[in-house]
Amino acid sequence: MIERIVVERATKQYGAVSVFQDLDLSIRDGETVCILGPSGCGKTTLLRTMHGLITLDSGRILVDGTPVSRPRHNVAMVFQHFGLMPWKRVTENVAYGVELAGLPPEQVKERVRRFIAMVGLEGFERHYPYQLSGGMQQRVGLARALSLEPDVLLMDEPFGSLDAQTREILQDELLRIYQRGSSDAAGRKAPPAMVFITHSIEESIALGDRIVVLSSRPATIREVLTVDIPRPRTVASVIAHPRFVELRDRCWRLLREKAA
Amino acid sequence: MSIREAQAQVVTAAKRRSLFKARPGDWTVRIGSIAVFFLIWEFLAPGWNPLIIRPPTAIAKAFVELVESGELQTALVISMRSFVAGLAIAIVIGVFLGVATGRWRFAYNAFDPLVSAFYSVPSVALIPLIGFIFKFQGDAPRVAAVALFCVFPVLINTQQGVRNVDRGLLEVARAFNTSERRLWTDVILPSSLPYMLAGIRLAIGRGLIGMIVAEFFIGLVGLGYLIIQYGNVFRIDRMFVPVIVVAALGIVFMGLVQWIESRVAPWLRREQ
């Protein structure tokens with residue numbers, strides 16, 4: 001397993017306020033790492049530095065061995081507030097990333113069709129975002145990122161603004177898409193390394209291979225937990241697993257300790 | 001800046017209007033209220049001095065006379081020529097300067113004081129100056145007057161639109177590695193389009209004022225001159241004809257912009 005993302009002594013400050021300090025972290029190819037921490041602890045800032053949207057004050061972040069300085073086409077991001085263009089139809093929103101990546105039009109078409117199908121939005125191709133529910137809008141956001149077939153997928157609390165039921169449906173969907181990709185014999189690309197920001201303990205256990213628990217500001221790594229629940233998973237199967245309760249309690253304790 | 005705030009309020013007011021969803025009975029009430037207005041006018045008019053107020057039927061008769069003599073058509077063509085040309089010039093200049101000042105600090109600092117100064121001067125006060133500049137000849141001075149009246153709402157609204165681009169979407173564009181050209185076509189221009197159209201709607205109202213005033217003072221042609229001409233000889237019935245035509249023009253042009261908006265910006269229907 002090669003290390004896809006390496007974070008070395010990453011430090012970020014806004015003025016005199018330190019957001020995170022001396023973070024060290026590495027994420028392997030095909031692995032899902034959930035970053036769990038209280039609101040405002042700098043998780044989102046960390047994710048943005050991994051994509052080169054925000055620069056570090058010291059330390060460095062390597063993707064595929066090269067330091068990140070600006071966004072690249074092999075890294076894709078899914079946003080908490082979906083980030084869809086209201087004036088683009090579903091197909092145009094999904095095509096956005098692959099078009100900018102410079103794929104030829106036939107390939108763009110093929111990807112758009114395939115990934116709209118993958119997220120279950122067939123029949124909604126001509127809709128505008130305002131005609132879709134929040135869950136469906138985030139499916140568009142997911143398809144837009146996945147259609148780049150990225151090596152790294154950065155998820156910024158993608159399900160945080162959805163209601164509980166929709167959230168669970170999309171978590172299952174993500175697990176399904178992800179696991180199907182990994183067991184695909186047709187020579188399709190292996191699943192990307194995924195960094196998933198969340199403040200939901202359950203979500204981090206359901207989706208993550210590892211969970212990085214951060215402290216509040218300035219964020220440092222409290223602990224890295226390995227989620228030893230086998231795949232393929234569903235949210236229900238994870239919750240029913242005996243390890244789930246232990247992991248959840250452990251996370252709870254870590255999050256509460258630093259709050260006190 | 002209070003001018004800016006007023007402009008922004010107009011933009012939000014335009015959006016709020018769609019709070020009232022169209023219902024089948026709407027047009028019955030709208031047309032009915034106009035009909036009632038004309039009926040009251042018709043019945044009250046004979047009690048007034050006919051040199052001041054004439055009933056709608058007399059105006060309708062005058063309308064037919066002016067159409068038969070061809071006066072109205074000639075005036076309308078001349079007025080529309082300067083109005084459309086002036087509005088088009090104002091849209092080009094307004095959008096261009098609005099985009100430039102909304103996006104680049106240098107352009108903003110360079111143009112904003114001038115824009116504020118010119119906008120603070122009542123445009124009417126500049127009409128004689130425009131006459132002198134263009135030597136009172138041809139369509140040019142009237143076109144310039146319309147453009148002057150129209151340019152500021154377009155410019156200021158476009159500027160606001162460009163500045164109000166959702167920062168979240170700018171970040172999305174950056175995250176997907178956008179080019180500068182695609183940033184404009186995908187994000188900045190579509191998101192400022194409703195502001196531009198609101199500016200153009202405001203400009204239409206102002207532009208018609210500019211057109212009429214210029215015809216009063218510079219051209220002595222067109223609908224404005226018809227008003228003056230028949231007002232001077234106390235033909236109130238005929239004087240009202242161009243007034244009503246101008247009102248109708250305003251409604252038609254505003255409706256046209258609204259129609260364009262629904263065609264080019266269908267996503268705006270989501271506003272409540």
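How many helices and strands are there in chain A? Chain A holds 8 helices and 10 strands. Its radius of gyration is 18 Å, close to the 18 Å that the globule rule gives for 260 residues, so chain A is as compact as a globular protein of that length. The model described here is predicted.

**Chain A as a whole**

The C-alpha trace of chain A spans about 50 × 40 × 35 Å along its principal axes. Of its 260 residues, 46% count as buried. Among the contacts between residues at least 6 apart in sequence in chain A, 70% join residues at least 24 apart.

**A sheet and a helix in chain A**

In chain A, 4 strands form an open sheet with antiparallel pairing, and their order is β2-β1-β4-β5. The edges of this sheet are β2 (17-28) and β5 (66-67) of chain A, each of which pairs on one side only. Strand β1 of chain A, residues 3-14, runs antiparallel to β2(A), and 8 bridges join the two. One residue pair can be named here: A:Tyr14 has A:Val17 in β2(A) as its bridge partner.

Helix α1 of chain A, residues 43-50, lies across β1, β2 and β4 (58-63) of chain A. The helix runs at about 125 degrees to β1(A).

**Helix α10 of chain B**

Helix α10 of chain B covers residues 222-232, and its buried residues are B:Gly222, B:Leu223, B:Gly224, B:Leu226, B:Ile227 and B:Tyr230. An α-helix has 3.6 residues a turn, so residues three or four places apart point the same way.

The axes of α4(B) and α10(B) are 6 Å apart, and the two helices pack at an angle of about 130 degrees. Angles over 145 degrees count as roughly antiparallel and those of 65 to 115 as roughly perpendicular, so α4(B) is oblique to α10(B). By class, the contact of α4(B) with α10(B) has 6 nonpolar, 2 polar and 1 charged residues. From α4(B) come B:Glu71, B:Ala75, B:Leu76, B:Ile78 and B:Ser79. They meet B:Gly222, B:Leu223, B:Tyr225 and B:Leu226 in α10(B). Of these, B:Gly222, B:Leu223 and B:Leu226 are also among the buried residues of α10(B).

Just after α10(B), B:Phe234 takes a positive phi of about 60 degrees.

Definitions and conventions:
Residues numbered from 1 in each chain as written. Chains lettered and ligands numbered in written order. Predicted model: local features only at pLDDT ≥ 70, side-chain atom pairs only at ≥ 80, totals over all residues. Buried ≥ 20, exposed ≤ 12 C-beta atoms within 10 Å, placed from the backbone. Rg over C-alpha atoms; globule rule 2.2 N^0.38 Å. Contact = placed C-beta atoms within 7 Å. Pairing = 2+ DSSP bridges. Axes fitted to C-alpha atoms, helices over the stretch in contact; angles between N-to-C directions. Parallel < 35°, antiparallel > 145°, perpendicular 65-115°, else oblique. Nonpolar A, V, L, I, M, F, W, Y, C, P; charged D, E, K, R; others polar.
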